[in-house]
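Please examine the structure shown below.

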Amino acid sequence: MSEAVVSPVRPGRLSIGALGILALALGTLQSVVEPALPLLQRELGVSPAEGALVGNTLLITGAVVTPVAGKLGDRYGGKRVLVRLMAVVSAGGLLAGLAPNLPALLLGQVLQGVMVGALPLSFILVRKHLPAGESQVAIGLVIALFTGGGMVGTLIAGPIAEGLSWNWMFALPTIAIIATTLAVTRLMPDDPPVESDDTIDWPGVVLLSGTLLAFMLGLVMVTNGDLPRLAIGAIAVAVAALATGWVVVERRAASPMVDLRMLAKPAMWSSCVLTLVITTSFGMVVLLLPQLFAISADGYGFGAGTTDIGLFLLPGALAGAVSDSVGGIAARRFGPRAVVAVGAVVTAATLFALASLHTAEWQLVLAKALTAFAAGVGTTALVARTATAVEAKDTGIATGLLVVTRVIGVALGAQVGGAILAAGADPTTGRPAESAFVTGFAVAGLVAALSLLVVRITKKGIQA
């Protein structure tokens, strides 16, 4: 007697659509902070350096979750892990929506940061349930909607914050996330877990997250107050101890969160260094431009509200989205070294020009679009180059390292930009002087120009 063959249940269009709408809602929640950052600083009574932490805490959590989300999904099932991560994100969004102060908002952002793991988990689901051709289309849809959500968040943050309150910027997308997660739970078929001998490197996860958070918090404390040298030294020792402990654990772990041996390869470490430099410069731009838009128009600023800031930043978001698709093509045609070098020249020239000329809104809008496009093309070219330079079995590890590096760079740049503005603030008004913005743009331009030196030094590592 022959046994019946049970074919796997294939998801319908509604379930794939639910995944896409979930990605749209997540992208919206992730992006509402940038245009609203000046408003959040005023409402919470914090400095630019402290305000930069609002976005950075989400990025740091995302950097830690990204390498382990896929492993968890393979081991326990993509749908099961996705639903649980969305519960954490929803808790974080609701906490941010109710937050009375900065610490509560930061905790909410930490919880929201696990949303980054939704993308690889969504890819696991469509890859398990759909044929290769259809899964590629579905993955493209999810990525496109997540990117589109970023644009939606940039646009709606202002009207919601100004029409209701800044708390609703977090609450409304969270409600959408809860609804679409319920839809995914109901419509998406369960996926079987994959047997694996690999273990999750939880000590590595804890130590890396502790290192990143200690570094960012230490940077804020050092640059935002008059700390005694002993306290500064203690912070440096704590960060160094956590980082050292992480390295030791990763070197001994049977299945490390990050395989440090990858960094010894020229293609890997050169790409990491360049990614860090490029994204640090761009992270400063991400912080500085909304602040300058918001400065009172009776001085050197433009007095823009959150809605107007969102509109001003939208071309940059569009340029960044386009750059992700252009970077790989440019790397294949011209080589990553040429792409990074041209991007560095464009970014440095743009920021040096902005340091001396920032009297009209269009100048800032154009600067954001140019720097976003240059940074996106450069980092995507490096990812494409690295993915083809390592062995196929190491592709996930290598690209994961670059994702973590990219996040750290943006967070570091934003924090440095906030520290520069805080250091140049008027003691009576708390408003940064124009010279602080000039310094910030000039420093960001110098960091971008540093990419050219790194390209020359690491020529062999990134040659096509």
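E34 counts as partly exposed, at 25% relative accessibility; partly exposed lies between buried, under 20% relative accessible area, and exposed, over 50% (1.4 Å probe, protein chains only). The model is predicted, so local features need pLDDT of at least 70 and side-chain atom pairs count only at pLDDT 80 or more, while totals for chains, interfaces and linings use all residues. Residues are numbered from 1 along each chain as its sequence is written, and side-chain values use heavy atoms, with hydrogens and water left out.

**Salt bridge**

- E34 forms a salt bridge with K368, and their closest N and O atoms are 2.9 Å apart.
- A salt bridge requires a side-chain nitrogen of Lys or Arg within 4 Å of a carboxyl oxygen of Asp or Glu; the count by this rule is 1 salt bridge.
- The pair joins distant parts of the chain, 334 residues apart: E34 belongs to helix α2 (residues 33-44) and K368 to helix α14 (residues 361-389).
- Helices are DSSP runs (H or I, at least four residues), numbered from the N terminus.
- K368 is buried, its relative accessible area being 6%.

**Nonpolar patch**

- On the surface, V342, V346, W362, L366 and L370 form a nonpolar patch with about 460 Å² of accessible area together.
- Such a patch joins nonpolar side chains (Val, Leu, Ile, Met, Phe, Trp, Tyr) within 5 Å, from residues with over 30% relative accessible area and no salt bridge.
- Accessible areas come from the Shrake-Rupley method with a 1.4 Å probe; for residues, only the protein chains shown count as cover.
- Helix α14 gives the most to the nonpolar patch, with 3 residues.
- V342 lies in helix α13 and is exposed, with a relative accessible area of 52%.

Conventions:
Helix = DSSP H or I, 4+ residues; strand = E, 2+ residues; numbered from the N terminus. Patch = residues over 30% accessible without salt bridge, like charges linked within 9 Å, V, L, I, M, F, W, Y side chains within 5 Å.
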